[in-house]
Amino acid sequence: GDTIVVSPNEKVRLIGVDAPETVNPKKAVECFGKAAKEFTRNMVAGKTILLVLDEVNSPSRHKDKYGRTLAYAYLADGTMLNAELIRQGYAHAYTRFPFRYLVEFRELERQARTQTVGLWSSCSLTEQ
């Protein structure tokens with residue numbers, strides 16, 4: 001849900017987003033993980049995506065510790081996928097590291113929680 005693969009085989013980690021796990025061999029599939037993965041797949045499959053880097057990640061050459069490119073992903077209609085995942089409750093705002101939209105993403109998560117959408121509507125507090 002928070003990583004996409006772009007052509008030809010580049011993995012992109014969406015900045016500021018933490019979707020429930022589905023593929024971590026050390027963890028069970030988390031609540032709403034499959035839905036988040038499917039949502040992301042439906043949003044990007046076969047589409048042209050504009051990737052935008054954040055200067056805060058320049059020192060690491062815009063890569064995370066797994067070698068994935070760190071970016072914001074924009075759809076053709078201008079929708080930022082990172083924000084949309086949080087807005088619709090498919091992910092948490094991942095605020096461990098600073099980034100350009102940290103305040104906005106926290107607010108999107110607060111709104112999703114308040115409106116009980118997505119994972120905020122279907123997962124118990126212990127699963128979140």
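Guide: Pro 8 lies in the loop between β1 and β2. This is a predicted model, in which local features need pLDDT of at least 70 and side-chain atom pairs count only at pLDDT 80 or more, while totals for chains, interfaces and linings use all residues. Residues are numbered from 1 along each chain as its sequence is written, and side-chain values use heavy atoms, with hydrogens and water left out.

The peptide bond from Ser 7 to Pro 8 is cis, with omega near 0°. Most peptide bonds are trans, and most residues other than glycine have a negative phi.

β1 and β2 make a hairpin, with three residues between them. β1 runs antiparallel to β2 (residues 10–14), and four bridges join the two strands; two strands count as paired if DSSP finds at least two bridges between them. Within this pairing, Lys 11 of β2 is the bridge partner of Val 5.

In a regular strand the side chains alternate between the two faces of the sheet. Buried means under 20% relative accessible area, exposed means over 50%, and partly exposed is in between, with a 1.4 Å probe and protein chains only. In β2's range of residues, Arg 13 lies over the face of Tyr 94, at 5.5 Å from the ring centre. The rule for such a charge is that NZ of Lys or CZ of Arg is within 6 Å of the ring centre and within 35 degrees of the ring normal.

Now the wider chain. It has four helices and six strands, and from the N terminus on the elements run β-β-β-α-β-β-α-β-α-α. Of its 128 residues, 42% count as buried. Among contacts between residues at least 6 apart in sequence, 56% join residues at least 24 apart; a contact means heavy atoms within 4.5 Å.

β1 is also a packing partner of helix α1, whose buried residues pack against β1 and α2. Those buried residues are Gly 33, Ala 36, Phe 39, Thr 40, Met 43 and Val 44. They cover an arc of only 130° around the axis, which puts them on the same side of α1. The arc is that of the directions from the helix axis to the C-beta atoms. An α-helix has 3.6 residues a turn, so residues three or four places apart point the same way. As for length, the 12 residues of α1 (residues 33–44) should span 16 Å at 1.5 Å a residue, and the end C-alpha atoms are 17 Å apart, which agrees. The expected span is 1.5 Å times one less than the number of residues. Gly 46, which follows α1, has a positive phi near 70°.

Rings of Phe, Tyr and Trp (its six-membered ring) pair if their centres lie within 6.5 Å; planes under 30 degrees apart are stacked, over 60 edge-to-face, and the rest tilted. By this rule there are five aromatic pairs. One of them, Tyr 72 with Tyr 101, is edge-to-face, at 5.0 Å centre to centre and 85° between the planes. This pair links distant parts of the chain, with Tyr 72 in β5 and Tyr 101 in the loop between β6 and α3, 29 residues apart. Tyr 72 counts as buried because its relative accessibility is 0%.
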